[in-house]
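User: I'm new to this one and would like to know where the labels come from. Could you take me through them?

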Amino acid sequence: MPNKTLNAKLLWMQFEDVLAPRLGLSVKERAVYCYLLRHSLVVGKLRLQFAVMAMARTLGLAIGAARQAVRRLDELGTLRVLKRNKTGHLVEMRLPEKIRALRLGRNGASGPTGAAGEPPASALETTDFLKTWALRKAIHDRERGACFYCHRRTPAHVHCLDHVVPRVRFGRNSYRNLVSCCLECNSRKADRPARDFLRTLYRLGRLTAAELDGRLRALKDLAAQFAYLL
Ligand SMILES: [Zn+2]
């Protein structure tokens, strides 16, 4: 790669929107991957020699945690540890689009532009985000602890995942059809479309006009968020 200019915007979106949630990376693994990427591919080097101790110090991590993050990133195929000795690690980094497990096409996801044999639709559209704890967590993390509908903050143990387009209307378990919401909204919304439910919340005085506007915009953004992948 190194003679090819990196598209920083695309790289950032691939990392935040696809790689980290799909592989279920922890905060520490995210930090280590970003650190290593910054000192390798971002500056045109495919391979990087680094000392775990120095990296751990920079990132404010315990050495054991930093070492474990490198090991897991290697297992996930985001990098390859070529050598490990007293002076440190020698790794070969991979861009999100080169990671086999993600099956990314040139636009950031597998799709019509992907390599032959890959599924035709976006990975975010075809992945079942209810399948694993890490994938479900990615949806909750996106809403940052607030209910997508009423925007109240409730304790994490009462958050649930709701289908924007209900399952009875063939809504999928995809990244943009699932939102994190409070238990109350989840049971009140039931099988209604999200837009209708938001208007009900407004009529009941649970949302102000400005909040309703904001929530309807968030709903629209959710649909548009990954248009670049399709
Ligand atoms: Zn709610």
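Analyst: Happy to. Helices here are DSSP runs of H or I with at least four residues, strands are runs of E with at least two, and both are numbered from the N terminus. Keep in mind that this is a predicted model. Read along the sequence, the chain goes α-α-β-α-α-β-β-α-α-β-β-α-α-α, with 9 helices and 5 strands in the chain.

User: What makes the arrangement around the zinc ion tetrahedral?

Analyst: Let's start with who holds the metal: the SG atoms of Cys147, Cys150, Cys182 and Cys185 coordinate the zinc ion at 2.3 Å. A donor has to lie within 2.8 Å of the metal, and 2.3 Å passes that test. For four donors to count as tetrahedral, all angles must lie between 85 and 135 degrees. The 4 donor atoms here subtend angles of 104 to 116°, so the arrangement is tetrahedral. For reference, the ideal angle for four tetrahedral donors is 109.5 degrees.

User: How are those donor residues spaced in sequence?

Analyst: The spacing is C-x2-C-x31-C-x2-C.

User: Why are Cys182 and Cys185 called buried?

Analyst: Buried means under 20% relative accessible area. Cys182 has 2%, so Cys182 counts as buried.

User: What does Val42 touch?

Analyst: Leaving out residues up to four places away in sequence, Val42 touches Leu6, Leu11 and Leu37. A contact needs heavy atoms within 4.5 Å. The C-alpha atoms of Val42 and Leu11 are 9.9 Å apart, and the two residues are 31 residues apart along the chain.

User: How many aromatic pairs are there, and what makes Phe15 and Tyr33 a stacked one?

Analyst: The count comes to 4 aromatic pairs. Ring centres must lie within 6.5 Å to pair, and planes under 30 degrees apart count as stacked. For Phe15 and Tyr33 the centres are 5.6 Å apart and the planes are at 10°, so this pair is stacked. Phe15 lies in helix α1 (residues 8-23) and Tyr33 in helix α2, so the pair ties together parts that are 18 residues apart in sequence. Both Phe15 and Tyr33 are buried.

User: What kind of pair do Phe148 and Tyr149 form?

Analyst: Edge-to-face: their centres are 5.6 Å apart, with 90° between the planes, and edge-to-face calls for over 60. Phe148, at 3% relative accessibility, counts as buried, and so does Tyr149 at 0%. Together with Phe197, Phe148 and Tyr149 form one aromatic cluster.

User: How do you know that the charged end of Arg215 sits over the ring of Phe148?

Analyst: For Arg, the CZ atom must be within 6 Å of the ring centre and within 35 degrees of the ring normal. The charged end of Arg215 is 5.3 Å from the ring centre of Phe148 and sits over the ring.

User: Which ring does Arg142 lie over?

Analyst: Arg142 lies over the face of Tyr175, at 4.7 Å from the ring centre.

Key:
Residues numbered from 1 in each chain as written. Predicted model: local features only at pLDDT ≥ 70, side-chain atom pairs only at ≥ 80, totals over all residues. Heavy atoms only, no water. Donors = N, O, S within 2.8 Å, 3.2 Å for Na, K, Ca; no water. Tetrahedral: all angles 85-135°; square planar, octahedral: opposite > 155°, others 65-115°. Buried < 20%, exposed > 50% of the residue type's maximum accessible area, 1.4 Å probe, protein only. Phe/Tyr/Trp six-rings, centres within 6.5 Å; stacked < 30°, edge-to-face > 60°.
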